[in-house]
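Dear colleague,

Please find below the structure that I am handing over to you. Kindly open it beside this message as you read.

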Amino acid sequence: MLGTRVLSALVLVPLVLAGLYFSPLTTALLTGVAAVLGTNEFYTMASNSRFRFRPLALPGYALALAFSLAGFVKRVDLMLLAVGLLAIYALLTLGLRHRIEPSLETGKYGFAANWGMTLFPPTYVGLPLGLITLIRARFDGTNEAYWWVLIALLATWGADTGGYFAGRAFGRHKLAPKISPKKTVEGAIGGIIAGTIGVVIVGTQGLSIEAYICVLLGIVLCIASIIGDLFESWVKRRFEVKDSGKLIPGHGGLLDRIDSFLVVALLTYVFIAIYR
């Protein structure tokens, strides 16, 4: 299993880095496809779960893609507009569906739940990826375009990989046994240290940010990475599935790989908005 995971990573990581490196357009294409695939995985888990959600999938895919398009043209306001338009459309469409086919909307998981389930997955997946596209486009032509994205990636990969090996070597105390039984406090600490080192190196050398700020940023981003992973684990437990999908051999679904990155990307953009 570990060999399959490593082989998949050796194939995917260069593709991801290449897509982020070449241009804002390739970044938008990469994040747009990922947003749609991730949204589809979430919708599939929700629809096949015991809750039997019935979200409006096609408009949701459109919203997921819209975030990356808005990021490409550097317009956060268009992201908010897209969410608002889908919210209104879903409200009207699901309300009509409820009247035409009330049998589809019975119990507490009816109209309101399906409306929320239509909006949440594309926003949860698409918004952070769209913000990564916006970062890449905003700083296009400068080294910052790569360093900021690399900070988000290193915080995520460092927290994940460092946490894995530290947990195997020193793990004794469970971090969140009811959500993710294999995660340990020692692993989390190791992941935070590893990810923070990566953030400090890139932040100080590539972006000339003060070391103490990089340390604080690294700690926050790595904690966010762990929270993002725990959140998706909680979702999968609620939906009673082991993996979000089977897209990536040895890793499961796309969401299983980017769940941590989504939270890190969002906070990276917030930091840039404040710091820059």
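This is a predicted model: local features need pLDDT of at least 70, side-chain atom pairs count only at pLDDT 80 or more; totals for chains, interfaces and linings use all residues.

Residues are numbered from 1 along each chain as its sequence is written, and side-chain values use heavy atoms, with hydrogens and water left out.

Helices here are DSSP runs (H or I, at least four residues), numbered from the N terminus. Helix 3 covers residues 57-72 and spans 23 Å from its first C-alpha to its last, close to the expected 22 Å (1.5 Å times one less than its number of residues). Lys74, with a positive phi near 60°, follows helix 3.

Helix 2 (24-48) and helix 4 (76-100) each supply at least two residues of a nonpolar patch, and helix 4 gives the most, with three. Leu29 lies in helix 2 and is exposed, at 54% relative accessible area (exposed means over 50%).

Leu207 sits in the loop between helix 7 (185-206) and helix 8 (211-239). Leu207 is buried, with a relative accessible area of 6%. Beyond its neighbours within four places in sequence, its contacts (heavy atoms within 4.5 Å) include Trp147, Trp148 and Arg276.

Yours sincerely

How values were computed: Buried means under 20% relative accessible area, exposed over 50%, partly exposed in between (1.4 Å probe, protein chains only).
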